[in-house]
Amino acid sequence: MSDQQPNPYANDNGAPGNASYGYPQPYPAAPGSAGYGYPQATPPAPGYQPTVGGAGIPAQAQPPMQPPAYPAAPQGAGGSGLALGDITIAGDQIITPSGAMPLKGAMWNASDFSRTETKIPTHAVVLAIVFFLFCLLGLLFLLMKEKTTTGYIQVTVTSGGRHHSTMIPAVDAGTFPWVMNQINYARSLSI
């Protein structure tokens, strides 16, 4: 009926191949050891002396590795992380590309430069014309409406003699109320 073809993934003796693509690999002996997702350990080249930070300290003389110590979040009247465009509130500071400003006493403002247009989509006009010829119900397709929002919302902050402004794109009619909620929260943190 059919001729049996040799297995292209088999070793020379016809046995299935080693663990590779298409064949399951055994679980690693311990978490973090070489296996799926972990690189295979390769011995260093002869005469290689690993150093710490390029300072010439041999790896054998270094203390055991410890995770880096991260500084604690600044304490004070700060708020939780809030970001509006490229304006970020972190702790008791407002961080912008033009520099950091104090959060206390900041003046926030938003201007809505977006617009929402309602129009009849092209496919509704085509369907109305086609179905008008067959039955008078085709005019119901003209009731289909499509809303599109374009523009942006400008957010400005002034504090400590500095001023920064950012633009947030308006993706729908709910963008400006969302931005105003964020600004009202930032205003409450600025008191």
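Threonine 175 touches Ile153, Pro169 and Ala170 when residues up to four places away in sequence are not counted, contact being defined as heavy atoms within 4.5 Å. The model is a predicted one, in which local features need pLDDT of at least 70 and side-chain atom pairs count only at pLDDT 80 or more, whereas totals for chains, interfaces and linings use all residues. Residues are numbered from 1 along each chain as its sequence is written, and side-chain values use heavy atoms, with hydrogens and water left out.

Threonine 175 lies in helix H2, where helices (H or I, at least four residues) and strands (E, at least two) are DSSP runs numbered from the N terminus. With a relative accessible area of 7%, threonine 175 is buried; the classes are buried for under 20% relative accessible area, exposed for over 50% and partly exposed in between, computed with a 1.4 Å probe on protein chains only. The side chain of threonine 175 reaches the backbone nitrogen of valine 171 at 3.2 Å, and a polar contact of 3.1 Å links it to the side chain of aspartate 172. A polar contact is here a pair of N or O atoms within 3.5 Å; within protein, one atom must be able to donate a hydrogen and the other to accept it, and residues adjacent in sequence count only if both atoms are side-chain atoms.

The protein as a whole comprises two helices and seven strands, which follow the pattern β-β-β-β-β-α-β-β-α along the sequence. Of its 191 residues, 19% are buried, and among contacts between residues at least 6 apart in sequence, 52% join residues at least 24 apart.

Three strands form an open sheet in the order E5-E6-E7, with antiparallel pairing, two strands being paired if DSSP finds at least two bridges between them. Strand E5 (107–119) and strand E7 (162–169) are the edge strands, each pairing on one side only, and the twist from one strand to the next averages 10 degrees. Helix H2 (residues 175–190) packs on this sheet and touches E5, E6 and E7, its direction making about 170 degrees with that of E5; axes are lines fitted to C-alpha atoms, for helices over the stretch in contact, and angles run from 0 to 180 degrees between N-to-C directions. Between E5 and strand E6 (residues 146–159), the antiparallel pairing extends over 13 bridges, and glutamate 117 stands opposite threonine 148 in E6.

Threonine 149 is likewise placed in strand E6 and counts as buried at 16% relative accessibility. Its side chain makes a polar contact with the side chain of threonine 116 at 3.1 Å. Beyond its neighbours within four places in sequence, threonine 149 is in contact with residues including Ser114, Arg115, Ala170 and Asp172.

The salt bridge joins the side chains of glutamate 117 and arginine 115 at 3.0 Å, N to O. Glutamate 117 counts as partly exposed at 38% relative accessibility, whereas arginine 115 counts as exposed at 52%.

The largest nonpolar core contains 19 residues, of which Ile89, Ile94, Trp108, Val155, Val157 and Ile183 touch the most other members; such a core is a set of buried Ala, Val, Leu, Ile, Met, Phe, Trp, Tyr and Cys residues joined through side-chain atoms within 4.5 Å. Two or more residues are given to this core by each of strand E1 (79–84), strand E2 (87–91), E5, E6 and H2, and H2 gives the most, with four residues. Among the residues that tryptophan 108 touches, leaving out those up to four places away in sequence, are Ile87, Ile89, Ile94, Val155, Val157, Ile183 and Ala186.

Strand E3 (residues 93–96) and strand E4 (residues 99–102) run antiparallel and are joined by four bridges, forming a hairpin with two residues between them. In this pairing, glutamine 93 stands opposite proline 102 in E4.

Lysine 145 is found in the loop between helix H1 (122–134) and E6, and is exposed, with a relative accessible area of 54%. Although lysine 145 and isoleucine 120 are 25 residues apart in sequence, they lie 4.9 Å apart in space, C-alpha to C-alpha.

How values were computed
Salt bridge = Lys/Arg side-chain N within 4 Å of Asp/Glu carboxyl O.
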